[in-house]
Amino acid sequence: MMETTAEDLNRVEKKNLFASGHRACGGCGQALAARLVADAAGENTIACVATGCLEIFSSPYPDPSWRIPFLHSLFENVSAVASGVEAAYKALKKGPVNIIAQGGDGSTADIGFQSISGMFERGHNVLYVCYDNEAYMNTGVQRSSFTPYGAKTTTTPMGNRTRKKNLPILAADHGIPYVATATVDDYRDLQRKVKTALSILGPKYLHILAPCPLGWGHAGDLTVHICRLAKATGLFPVFEIVNGKVTNVLKIPNKKPVEEYLRLQGRYRHLFQKGEPSGMVAEIQEIANQNIERFNL
Amino acid sequence: MEKLPLGLALDLRKVVPYKTGSWRTMKPLYIMQTPPCTHSCPINNDIRGFLRVLADKQDYEEAWHILTRTNPFPATCGRVCPHPCEDGCNRRDYDTPLAINSSERGVGDYGLEHSLEHRKEVLTPRKEKVAVVGSGPAGLACAFHLAKRGFGVKVFEAAREPGGMMRYGIPAYRLPKDIMNREIEAILRLGVELECSVKVGVNIALDQLRQDYQAVFLGLGAQMGAAVNIPGEEAKNVFTGVGFLKDINSGKIPEVGRNVVVVGGGNTAMDCARVAKRLGADVSIVYRRTRVEMPAITAEIEEAMEERIMFRYHTNPVKIISDEDRVVGLLCVQMELKEADASGRARPLPIPGSESVLPADTVIMATGQEVDYDGLDNIGKRDNKWISTDEYLMTSLARVFAGGDAVLGQETVSAAIGQGLRAAAAIEDYLEGNVESSLASPPVVYFKDMNSYYYTRKKRFSKEAIPVHERLKSFNEIYPAFAPGEIIDEAGRCLSCGLCFNCRNCLMYCPDNAVNLHPATGKYEFDYDFCKGCGLCVKECPCHYIQLTLEK
Amino acid sequence: MLKYLEGSHAVSQVVAMCRPNVISAYPITPQTHIVEDLARLVGEGQLDAEFINVESEFSAASVVLGAAAAGARAYTTTTSQGLLLMNEVIYCIAGMRLPIVLTCANRAISAPLNIWNDQQDSMTVRDAGWIQLHAEDNQEAADLHIQAFKIAEQTSLPIMVCMDGFILTHAFEPVDIPEQKEVDAFLPSFKPQHIVDPRWPRALGLYADPRFYMEVRYILHRALEKSENVIRQVSADFAQAFGRESGGLIKTYKLEDADLVIVTMGSVAGTVKDLIDELEREGKNVGLLQICSFRPFPKQEVYRALKTKMNIVVLEKSVSLGRGGILASDIRWSFPRGEQKGRIISSYIAGLGGRNISTESLREMVARVEKEPVELAFLGLNQEIIAERDL
């Protein structure tokens, strides 16, 4: 558990605990997020990582880019593994230490859902960080339960027909003390949320939108800009849930139409045949509107 | 290769990272660019530099030194310059441009209050000596820069006191004499010799100077009023604009009577009109075109209007009407504007039958100025009016340089200072045998290339003039001193176009940790062993300090 | 101290004395009594450990993986379907060289569902890199756990202690439960070699590309081969400390003069020994070779024991569908090529799904193999319920 003052929470951290030399694509949102998370958590942290892009590009033998202890086993069990680490530290009366479980779409919401649900329900003192890049990117951009409506993936070539699984709400409904969503464009906010989470005892969930230039079909230098648009359209609400109450919602004074966000990404190109938006765009706008209403953005 | 550890569990302190820099096809570079404020400034002041020092360190002293590196007259320019920098300011495309002019004044006033001294750049004196003719802004700026570079300088001034048009042209309510005096004295304290009441060409020959000195700079100004040639101009109380101002600024206050008519649309005309107003008269300005074509700076026109000076556009003088050789009126004709003439402005033509008489006790003809070439006729001219110079500001006479109004035609104090600066550099290059001028500067950065997301809108500093009726009671400045905190707040609005201001975005946004802050220099640097050239830093740098180039 | 208790409880009490730090378990018949008893011991404060009630066997194995990686002595138990579910993690644990002890209460595999004993479940992970030890009776089941922690932590290999479900787990027998101080003297505290700890940052679970993977697997194979010495040594040390033989690589019974040798594993050895005694009174010389360590397979020990025996029958509670007896294959492979001339090794599959193995049915087997070699036979098959088309 981290002791934090207001000054600690607002300080921006750069410690190179997730160092150079990893094999992520240039402009990778997940690499950026993982870097910010590791630095915010600090050296007294154990990073448990699920199989996925992050694990693959950061942990080849013999040159991983982690400088804090790193533990990886399988795809779907990082929450259980982190639970085990936490139990060990408790049993051995070691610590205190920050234990962060990290995974992408699959290891959080699909194949790993059992594991994360169990971890939340049992109340382990672990922070789970989900890097949401809205598909199974590591295996080649296949659809996940986080793939948003209308997005093209290799297994939904006509555009995904289901809505994004709302894991932050599901996490909160397990009764855990802290849930938050964040994006990589606001590093100060992201790091503050990591530190806030680590100062709370119990299971915590942090859901970070991490654009994937390759999978989403945009240039690597637009990663930060795309996040801003995701927020400004209402498609990715940013908020915290503290002890079950939604709080600290990021309001959007100047809402942007979803079209501005969609047009920038190759995975939505099929929605703009001959330059005109198809009916799906209106449906996506409706989803954004619902978010805006639900969270009072 | 190392032996495999048990369970492939690796000690992280022994890792040799893989150099992902080899993937790169584009490479980011920190490239300083010229902000448009500096680019628009005739003196090329480091405006970004002095504003950021104020904003980041609240250090007025360092700001003053940055500004006076190029401009020895910050308090003066902060009052009289038409601030083209503000027109160029990129923040104009975001919310409102920086109040650079007021910031300059704040810094200049601080320098005077705290008696700051200029710093020499070359401490060992050089053997060359340079003569400067004219102690106006061009001459004094040239002397200033040469003195800082270690040259011996002597300034020859025809009038009784130094300052040129700053003293004898600009009225005190725009530029208090005390302010200007103290800035001139600070320049002289660098070791510049000054001799007044010496008119070169009359009291001493130019050729003499060319013999005694290694170079000569002519800052003659355009201090003679141009002849207007309308009938009746020999009457009493008919003045040229510069003549009228010269008298006022020398302490000779004429009786202007109740009605004063000023002819002309330039700054001189505005100054004459506003001075006359303060002398208690009702004042009209007569101009043959419209406001749009008036060459005077906007601030002057507006302040004149506030001071209830009447503007009569489309009006041209025809004849001065006098009674017993005293002016009683001005016969004027209405003009209509036709297609543009050679100056690019609409051509005014008189409307027959539209003549009328304006009552006038004093007529001031402020319709043009010329160089006083008395004794200097052999110098090459362009348009038969102004001194012609090559790109190194050398005149047709060897080792004789010139700058300011005498070269540019009527221009501003700042333009003259800029020329003085350039001439000093040209003189130094010439005396050292440098062929190439070192005046190349980085390209200009415009707002469209910047990332405005990181700036917040903020209200611009605004200066409050004292009420009009108060103003007209005296020749005191119409803008009182600014609170130092306000200037620092305003300086904080500077976007730092083209130069890093430590926002840390590049440091924080690099997914590869390939940007580091050097612990000793405090500067950011790229770790090219690992940079993949993704370009996120370029996109998120607010001030366009980073650019991508092709990797070799 | 001698106690009369269920096999499950013998195991749970001994495991508790081994001072595990983290226990995770998901209940599955017939292992449930082990986890329930451990939960009770933790709840009553008799065992200072973290007991994690996970939501599946997959998580149970993952939790002990994480705990061991963090330096804790970790224990779990499962069987049958649960073992199949945690298949991925079983391989992962071995690959990561984490010294976890797992009790497998051997049970049949679905489909069809069957909760009774056979050894098909532990067979499914025989290639995973775990040491697999088989207990003959409740005493040995208990003793093997004490040895298991020691062997695992010395070799950095995970160990599966197999005990026949229901037959051992739910049977009441007198078992000598040692004193805590005896166990403490025998089993020192866990000193892990490689763990995640911010004081000594390490990465566990890196991926290995083609340059390294093969060597890692070779090393694991060699580790298993070399662990035979440790298994043997620890069994000897145990005998010295606790005064009774248990564990080790193989055991033999009346092998020296045997004309026929029965090879088997687990609790059925007891029945076989009864039969051998009966046959001896009838003048027949039959001997028993009991495999205690199935993995690593003690090839040399087996060869040495069976070198002079020309008629061997392997009796096992598992089958490799489409191929035949698994233990039988391993036994057949124990003999160097060319040496097998004239030697008969028959393969019998018995007791699947909890089918009772009695001395009568074993007599039938003996009678048959005395007469002819049996490539593969299923003991006591009820032909009447098998349709023509399925034969």
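How many residues of chain B are in contact with how many residues of chain C? In this model 9 residues of chain B are in contact with 15 residues of chain C, where two residues are in contact if their C-beta atoms, placed from the backbone, lie within 7 Å. The model is predicted, and local features need pLDDT of at least 70, side-chain atom pairs count only at pLDDT 80 or more, and totals for chains, interfaces and linings use all residues. Residues are numbered from 1 along each chain as its sequence is written, while chains are lettered from A and ligands numbered from 1 in the order in which they are written.

The side of chain B that touches chain C divides into 6 nonpolar, 1 polar and 2 charged residues; here Ala, Val, Leu, Ile, Met, Phe, Trp, Tyr, Cys and Pro count as nonpolar, Asp, Glu, Lys and Arg as charged, and the others, Gly among them, as polar. Strand β1 (residues 10-11) of chain B is joined by 2 bridges to strand β9 (residues 202-204) of chain C, and the two run antiparallel. Within β9(C), A203(C) is the bridge partner of L10(B). Strands pair if DSSP finds at least two bridges between them, and the helices (H or I, at least four residues) and strands (E, at least two) are themselves DSSP runs, numbered from the N terminus.

Turning to chain B by itself, one finds 19 helices and 23 strands, and 47% of its 552 residues count as buried, a residue being buried if 20 or more other C-beta atoms lie within 10 Å of its own, exposed if 12 or fewer, and partly exposed in between, with C-beta atoms placed from the backbone. In helix α2 (residues 47-57) of chain B, 9 of the 11 residues are buried, so this helix is largely enclosed by the rest of the structure. Among the buried residues of α2(B) are I47(B), F50(B), L51(B) and L54(B), and what covers the buried residues includes α1 (36-40), α3 (60-68) and α17 (484-491) of chain B. After α2(B) comes Q58(B), whose phi is positive, near 50 degrees.

Chain C holds an open sheet of 7 strands in the order β3-β2-β4-β5-β7-β6-β13, with mixed pairing. Its edge strands are β3 (50-53) and β13 (293-295) of chain C, each of which pairs on one side only. Strand β6 (residues 131-134) of chain C is joined to β13(C) by 2 bridges, and the two run antiparallel, with L133(C) standing opposite S293(C).

Elsewhere in chain C, helix α7 (residues 138-155) and helix α9 (residues 213-242) pack at an angle of about 135 degrees, with their axes 10 Å apart. That makes α7(C) oblique to α9(C), because angles under 35 degrees count as roughly parallel, over 145 as roughly antiparallel, 65 to 115 as roughly perpendicular and the rest as oblique. Axes are lines fitted to C-alpha atoms, for helices over the stretch in contact, and angles run from 0 to 180 degrees between N-to-C directions.
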